[in-house]
Amino acid sequence: MEEGPRERILAATYACVARWGLSKTTIEDAAREAGLSRATVYRYFPGGREELIDAVVSWQYLQFFGRLYEEVQGAASLEELLERGLAFAGRSLLEHEVFQKVVETEPEILLPKLTVETNKTVGLIAAFLVPYLYQHGVAPGVDVQGAADVLARMILSLMAAPGRWDLQDPVQVASLVRTELLAGIVGDPTPG
Amino acid sequence: MTPTRLELVMGGAGQGGEPVSPQRIRIVDGALRCLARQGISKTTLDDVAREASCSRATVYRVFPGGKDGVLAAVADTEVARLFSAVAVKMGEADDLEDVLVAGMTEAATRISGHEALTYLLEFEPGVILPRLAFGHMDDLLASSSRFIAPFLARWLDPAQATRIAEWASRLVLSYLACPADDVDLTSSDQVRSLVRVFILPAIGAIQAEGSSGAVVLDTTTTRHQHQPTATRGITS
């Protein structure tokens, strides 16, 4: 895939963050890693280090949701979509070494940025779910937009903190999807 | 089961079993007013002493841990106050829908109206969020759902009660962490419609599932509790 300079800088910055963390990564590091000059990095990120670090968090965050989107492509039903999405989200956060390292060592830097991203994501996930809800049909009196919003929130909540759920266990996830997540929205769910 | 730190506090143990003295409460309340006005990093023990109308030496005597000790006591006290306020409201309600509505509305009203928390989330998110997110949110959900579940026990079996308590906690936390323009959980009418559409039908579905012997989750503990996020295993 064709990679523009911006993308190249972000990928290089991400590599630096993986090695040294968010607070120790500098513009110079990113430029050297990308094989570009400092001036070029500043041209794409005029706000400097702060802007670059914000951008790399956003970029990785969107990549994560991009992979999530690919993972659920072709799901035959709303139930399958949610099951596949939750299982993938649980698994890939656990396996995401850079995320795990940064959230452990620099939560004071990562979490405020992540909160900003998450707040934008509620709307995106909700918009993605709306056609599936129309296709599936909702219970009488249920507002599709409102239901999509609540579903999006609960998906993000489960991703951030699975609580007592094991998202790697297909039996648990199937139950979660058909009860807490969907019972009220689609009404009278038929098992299986 | 291992109790979470919050539950040790709720159990009345306090910090190291210390009795809760009026002086301790005065210092905690003084610190709360400082936090609401100027946040954590700008608040000194002198500020706290002045606000509590006592000497700096007294603050140190009551909290040998200094500022960290005071802050820990503030967090513990505020969680305990939140849980007791929610308990009072849930205790007054007498059907399942009302219990959920009362508890969720009270929690949302108390948390969103909390001046110190509001200040910290706005101006010092880097200090406060690491105490609330990911692994800490698992702990928070575990404490909250174990605390709420007994109030649902008149209508639900323990496993169902814990699931529903966790779900209600998630809903409240989500709207507090990420407010929506058109949903206000401090309004009991709005909470009631959420409960009717998104929680009560789930209860029916869980009960139907239970009778067919489907999923039984561990109700005594959170799977991941006290495991560092990075080492959570995949067990299935």
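Biologist: What should I keep in mind about the model and the numbering?
Modeller: This is a predicted model, in which local features need pLDDT of at least 70, side-chain atom pairs count only at pLDDT 80 or more, and totals for chains, interfaces and linings use all residues. Residues are numbered from 1 along each chain as its sequence is written, while chains are lettered from A and ligands numbered from 1 in the order in which they are written.

Biologist: OK, chain A then: how many helices and strands?
Modeller: Chain A has ten helices and zero strands, where helices (H or I, at least four residues) and strands (E, at least two) are DSSP runs numbered from the N terminus. Its C-alpha atoms fill a box of roughly 60 × 30 × 30 Å along the principal axes.

Biologist: And into which domains is chain A divided?
Modeller: There is domain 1 (1-73) and domain 2 (77-192), with bounds that come from an automatic or database domain assignment. The C-alpha centres of domain 1 and domain 2 of chain A lie 27 Å apart.

Biologist: How many residues of each are in contact?
Modeller: In chain A, 15 residues of domain 1 are in contact with 16 residues of domain 2, a contact being two residues whose C-beta atoms, placed from the backbone, lie within 7 Å.

Biologist: Which element gives the most on the domain 1 side?
Modeller: On the side of domain 1 of chain A that touches domain 2, α1 (5-20) and α4 (49-72) each supply at least two residues, and α4(A) gives the most, with ten residues. By class, that side has nine nonpolar, three polar and three charged residues; Ala, Val, Leu, Ile, Met, Phe, Trp, Tyr, Cys and Pro count as nonpolar, Asp, Glu, Lys and Arg as charged, and the others, Gly among them, as polar.

Biologist: Switching to chain B, what are the elements there?
Modeller: Chain B holds eleven helices and zero strands, and buried residues make up 37% of its 236 residues. A residue is buried if 20 or more other C-beta atoms lie within 10 Å of its own, exposed if 12 or fewer, and partly exposed in between, with C-beta atoms placed from the backbone.

Biologist: Is α9(B) mostly covered or mostly exposed?
Modeller: α9(B) is mostly covered, since 16 of its 18 residues are buried.

Biologist: What span should its 18 residues have?
Modeller: At 1.5 Å a residue, helix α9 (residues 135-152) of chain B should span 26 Å, and its end C-alpha atoms are 26 Å apart, which agrees; the expected span is 1.5 Å times one less than the number of residues.
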